[in-house]
Amino acid sequence: MMVLNYLMTDEEMNRLVQYGIEGTHYAVDENGIYQELSDKFPYEGFNTWNLRVSSYKLPKETDVALQEMFDKYAVLGEQTKFPNINIWDGFTEDYTEYDAERAAVSAVMRQYLAPLQAGLVDDVDAAVAEFRQKVSDAGLDVCREGFEEQWQEYCEEYNYQ
């Protein structure tokens, strides 16, 4: 535990296991960016990612580019009503109101669509027509309308200001 503590709390030792010997394996440019000097000990050459300490970590050019991207996303986020929410990844469907229809559609897909997709039907046109009728009878339109309504509400709630 004392060794791990030393590796995690001493900046010089942490950088030694992460990047090698400064001046031999790597250098830090005037902007504080990691520069590889030798392919004998590349960035995180011991695969000691589990010893990463953010305050000791030397950024690479790719880290700078990534931060620029995050900064652009932050500017876009500030234009929304909820700037700290990822509006492109936060929607979750609530199918409580059409749970029965959703289950029926799922069953129809397993029974009628799966054989079509696997090429196990003799008359494809008839099988497609039967599938379409069965999935419609099961409540596909109810599911679609319920999803679309929720999606529209979500988009309106997180709309740009």
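User: How are α4 and α6 oriented to each other?
Analyst: This is a predicted model. In it, helix α4 (residues 99-118) and helix α6 (residues 140-157) pack at an angle of about 125 degrees. Angles over 145 degrees count as roughly antiparallel and those from 65 to 115 as roughly perpendicular, so α4 and α6 are oblique to each other. Their axes lie 8 Å apart.

User: What is the handedness of the crossing of α4 and α6?
Analyst: The crossing of these two helices is left-handed.

User: Which residues meet there?
Analyst: From α4, the residues are Glu-101, Arg-102 and Val-105. They meet Leu-140, Val-142 and Cys-143 of α6.

User: Arg-102, then. Which ring does Arg-102 lie over?
Analyst: Arg-102 lies over the face of Tyr-95, at 3.7 Å from the ring centre. Another such case is Lys-60, which lies over the face of Tyr-43 at 4.5 Å from the ring centre.

User: Which cluster does Tyr-43 belong to?
Analyst: Tyr-43 is linked by ring pairs with Tyr-19, Tyr-26 and Tyr-34 into a cluster.

User: How many aromatic pairs are there in the whole structure?
Analyst: A search of the whole structure finds seven. One of them joins Tyr-26 and Tyr-34, with 5.9 Å from centre to centre and 20 degrees between the planes. Planes under 30 degrees apart count as stacked, so this pair is classed as stacked.

User: Are those two tyrosines buried or exposed?
Analyst: Tyr-26 has a relative accessibility of 3% and therefore counts as buried. Tyr-34, at 5%, is also buried.

User: And what is the geometry of the Phe-41 and Phe-46 pair?
Analyst: Phe-41 and Phe-46 form an edge-to-face pair, with 80 degrees between the planes and 4.9 Å from centre to centre. Phe-41 is buried, with a relative accessible area of 10%, whereas Phe-46 counts as exposed at 54% relative accessibility.

User: Changing topic: where does Glu-44 lie, and what is its phi?
Analyst: Glu-44 is found in the loop between β2 and α3. Its phi is near 50 degrees, a positive value in a residue other than glycine.

User: Buried or exposed, for Glu-44 and Asn-47?
Analyst: Glu-44 is buried, with a relative accessible area of 11%. Asn-47, in contrast, is exposed, with a relative accessible area of 59%.

User: Where does Gly-45 lie?
Analyst: Gly-45 lies in the loop between β2 (34-36) and α3 (61-78). With a relative accessible area of 30%, Gly-45 is partly exposed.

User: How many residues separate Gly-45 from Glu-11 in sequence?
Analyst: The two are 34 residues apart in sequence. In space, Gly-45 and Glu-11 are 17 Å apart, C-alpha to C-alpha.

User: Last topic, α1 and α2: at what angle do they pack?
Analyst: Helix α1 (residues 2-9) and helix α2 (residues 11-19) pack at about 90 degrees, with their axes 5 Å apart. That angle makes α1 roughly perpendicular to α2.

User: Which residues make the contact?
Analyst: Tyr-6, Leu-7, Met-8 and Thr-9 of α1 make it with Glu-11, Met-13, Asn-14 and Val-17 of α2.

Technical notes
Residues numbered from 1 in each chain as written. Predicted model: local features only at pLDDT ≥ 70, side-chain atom pairs only at ≥ 80, totals over all residues. Heavy atoms only, no water. Phe/Tyr/Trp six-rings, centres within 6.5 Å; stacked < 30°, edge-to-face > 60°. Buried < 20%, exposed > 50% of the residue type's maximum accessible area, 1.4 Å probe, protein only. Lys NZ or Arg CZ within 6 Å of the ring centre and 35° of its normal. Axes fitted to C-alpha atoms, helices over the stretch in contact; angles between N-to-C directions. Helix = DSSP H or I, 4+ residues; strand = E, 2+ residues; numbered from the N terminus. Parallel < 35°, antiparallel > 145°, perpendicular 65-115°, else oblique. Left-handed = near helix turned anticlockwise from the far one by under 90°. Contact = heavy atoms within 4.5 Å.
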